[in-house]
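My entries follow in the order in which I made them.

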Amino acid sequence: MGYSWRIYVVCLFAAIGGLCFGYDTGVLGSILTMKHFKQTMKGRLFLTPLEQGTLTGLLLAGCFVGALFAGQAAEIFSRKRTIMIGCAVFVLGAALQTGTNGYAMMVTGRAIAGVGIGTLSMVVPLYQSELAPKDIRGRLISLQQLMITVGIMLAFWVDVGTEKYDSDAQWRVPLGIQMFPAVVLGIGCIFLPYSPRWLMAKGREEEALDVLAMLHGNGDRSAPLVVSEYNEIREQIDQDRRIANIDYTEIFSQRNRRRLALGVLIQVFQQFTGINSIMYYAPTIFQQAGIQNTSATLIASGVNGVLNMLATIPAILYLDKLGRRMTLMTGAWLMGTAILLCGIVMAACGEVYFDESQQKKSIDMSGNTAASYFCIVMIYFFVAGFAYSWGPVGWVYPAEIFPLNVRAKGTSLATAANWLMNFVISEICPIMLANITWGTYIFFGCCCMVMSLLVFLFYPETKGKSLEEMDAVFNGPVLAFRANKIPAHIAEEKAVATSLDGKD
């Protein structure tokens, strides 16, 4: 079935929120290696592992707060207005970082920008999921991850371009550029439609029908897809109003507990792949793998960013065909295998030594060029594995599994869990790299293997299901690999029974 170009344009434009997060992630990783930045921050030519971890960690702490705030804001102010609020907060934080005169002002700007990014990371996938037809929902939400990777790639190459400057412009220019996409998104949101599901929940049914007609029916309010989706949403809202509370206690009801656990855990698992720490500290990691020249390190990181973006494209094209389960399991196996091999080769071929100038342990692989390049290639495979699997699906799954009356709250809690674990990993990763070096990669590789097994056991397939059909999906057996053995009509009957008992 062909879909209107409007739905693609709206969801792609909203995904600029992901570009803000991706750019900020990529830009810091390279800036941490620049001498003028370190001199401005602390008046010396190195930052301790704790100081590096705090620069990344406070952004993530702000993201945690922003994700929690966005759950309530999205219900009260609407999804699109909450996106605008997130943009405004992010621009303020980015401005403070660009104009910083020292470490204290920098970490303050990072924390404020984090609130904006946390808000955007929660509400953009939610907004996309409520606009998207069920057959291409995975594709449209995956645009969020694609824009994250575009942001990371742009940041790396901007840093390569400014690294030659022998002044503060070396790092202030890259930090200042990140305000531009947030301004564009914030202003552009004025022209985006409201979520039809939010409009109907607020009793604005005629407006909701107009939005559905514009996005799914080329303006025809009587198009079969428009009428069908409108009726499904109205039926779901009527049911929610009969049986459900409207506060946070409903998210912990029997109807929603399983979904909340799976939504939170998939976000936690996304961080325990180790991907964000590897992207934050890519230049440092490539230095450990044997690339010592700063410009060469940045270029290797830039190639990493390009690969990350390109490997996300298969998810956009095929996620709604392959399904969520298969994508997550194969991605985890590829990542786990690649990063385990990287750690093993580093352990076997590298020499661990204590770097007095940096006050930390490091690995010298300069004597084994083949092993160095092997480790870099394995990191590239690891990044590609994440980009087509846990990157996009980690945002898609929580945004599509909750019923409308708690969708914003459930997505908010799941996204907040992502940022909380991201904060924890970002704090411990530089310390792990500085103390157990190659053991860091072994740890994350083992996590990936365990996650593949847990997806096989517990995560049901959601491809091709409307948001209003998720009750039937999540009232199947807890062991998800047995779900296809239960007839659809029995699952639907169980879903109705559980809904009627939703307050238990």
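**Helix α7.** I started with helix α7, which covers residues 137-162 and has 26 residues. Helices here are DSSP runs (H or I, at least four residues; strands are E, at least two), numbered from the N terminus. From first C-alpha to last, α7 reaches 39 Å, close to the 38 Å expected at 1.5 Å a residue; the expected span is 1.5 Å times one less than the number of residues. I found a bend of about 25° at L143, taken as the angle between axes fitted to the seven residues ending there and the seven starting there. Of the 26 residues in α7, 20 are buried. Buried means under 20% relative accessible area, exposed over 50%, and partly exposed in between (1.4 Å probe, protein chains only).

**Ground rules.** I noted that this is a predicted model, in which local features need pLDDT of at least 70 and side-chain atom pairs count only at pLDDT 80 or more, while totals for chains, interfaces and linings use all residues. Residues are numbered from 1 along each chain as its sequence is written, and side-chain values use heavy atoms, with hydrogens and water left out.

**Nonpolar patch.** Which residues make the nonpolar surface patch? I listed L310, I313, L317, Y318, L322 and M326, with about 560 Å² between them. Patches take residues with over 30% relative accessible area and no salt bridge, joining like charges within 9 Å and nonpolar side chains (Val, Leu, Ile, Met, Phe, Trp, Tyr) within 5 Å. Helix α17 (residues 313-322) gives the most to this patch, with four residues. Y318 is found in α17 and counts as partly exposed because its relative accessibility is 43%.

**Cysteines.** I counted zero disulfides, a disulfide being a pair of cysteine sulfur atoms within 2.5 Å. For C189, the nearest cysteine sulfur is that of C87, 5.7 Å away. C189 is buried, at 0% relative accessible area.

**Positive phi.** Most residues other than glycine have a negative phi. I noted S78, with phi near 100°, in the loop between α4 (49-77) and α5 (79-98). N218 has phi near 50° and is found in the loop between α11 (205-216) and α12 (224-243). S78 is buried at 0% relative accessible area, whereas N218 is exposed at 58%.

**Salt bridges.** I counted 19 salt bridges, each a side-chain nitrogen of Lys or Arg within 4 Å of a carboxyl oxygen of Asp or Glu. R221 pairs with D210, with the closest N and O atoms 2.4 Å apart. R221 lies in the loop between α11 and α12 and D210 in helix α11, so this pair ties together parts 11 residues apart in sequence. R221 is partly exposed at 32%, and D210 is partly exposed at 40%.

R79 and E75 meet at 3.7 Å, N to O, and both are buried. What else does E75 pair with? E75 also forms a salt bridge with K409, at 3.8 Å between the closest N and O atoms. That pair links E75 in helix α4 with K409 in helix α21 (residues 404-435), 334 residues apart. K409 is buried, as is E75.

Technical notes: Areas by Shrake-Rupley, 256 points an atom, 1.4 Å probe, with all protein chains shown as cover.
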